[in-house]
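Subject: Structure for you to look at

Hello,

Here is the structure that I promised to pass on to you. Please open it beside this message, and then read on for what was found in it.

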Amino acid sequence: MASPVPVKEKKLMDVKLGELPGWILMRGFTHRGIAGAFQRGYYPYYNKYVNVKKGSLAGISMVLAAYVLFNCCRCYKELKQERLRKYH
């Protein structure tokens, strides 16, 4: 029988729901750990959507959509106040 893989070594897709809090707490939240996580996500994205022979706007449009969504979430409180203030 194969030895079980420690929770820290598992990929996110392989983690069971009960193990998720422990898996998240074992991640590195230092500057180097966060930069490494972005780097590990950037290269597969770049090679799949941007660095192709017949490219399209799909890769760039996903980045722009994520940027807009991030800014809306970041400024939601101010946008909500603006909406309420406008008609009162």
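What percentage of the 88 residues of the protein chain count as buried? The share is 7%, where buried means under 20% relative accessible area, exposed means over 50%, and partly exposed lies in between (1.4 Å probe, protein chains only).

Before going further, please keep in mind that this is a predicted model, in which local features need pLDDT of at least 70 and side-chain atom pairs count only at pLDDT 80 or more, while totals for chains, interfaces and linings use all residues. Residues are numbered from 1 along each chain as its sequence is written, and side-chain values use heavy atoms, with hydrogens and water left out.

**Overall form**

The protein chain has 4 helices and 0 strands, where helices (H or I, at least four residues) and strands (E, at least two) are DSSP runs numbered from the N terminus. The radius of gyration of the protein chain is 19 Å, well over the 12 Å that the globule rule gives for 88 residues, so the chain is more spread out than a compact globule; this radius is taken over C-alpha atoms, and the rule is 2.2 Å times the number of residues to the power 0.38. Along the principal axes, the C-alpha atoms fill a box of roughly 70 × 40 × 25 Å.

**The salt bridge**

Side chains of opposite charge can pair when their charged atoms come close. The structure holds 1 salt bridge, a term for a side-chain nitrogen of Lys or Arg within 4 Å of a carboxyl oxygen of Asp or Glu. Here the side chains of Lys 10 and Glu 19 meet at 3.2 Å, N to O. Lys 10 counts as buried because its relative accessibility is 18%, whereas Glu 19, with a relative accessible area of 24%, is partly exposed.

**Helix H3 and the UniProt record**

An unreviewed UniProt entry lists residues 56-76 as "transmembrane region"; its positions are given in the numbering used here, feature names are shortened, and annotations may be inferred rather than shown by experiment. In the model, that span is 86% helix and 0% strand, and its end C-alpha atoms lie 31 Å apart. Leu 69 is found in helix H3, residues 58-74, and counts as exposed because its relative accessibility is 57%. The C-alpha atoms of Leu 69 and Glu 19 are separated by 29 Å, and these residues are 50 residues apart along the chain.

Best wishes
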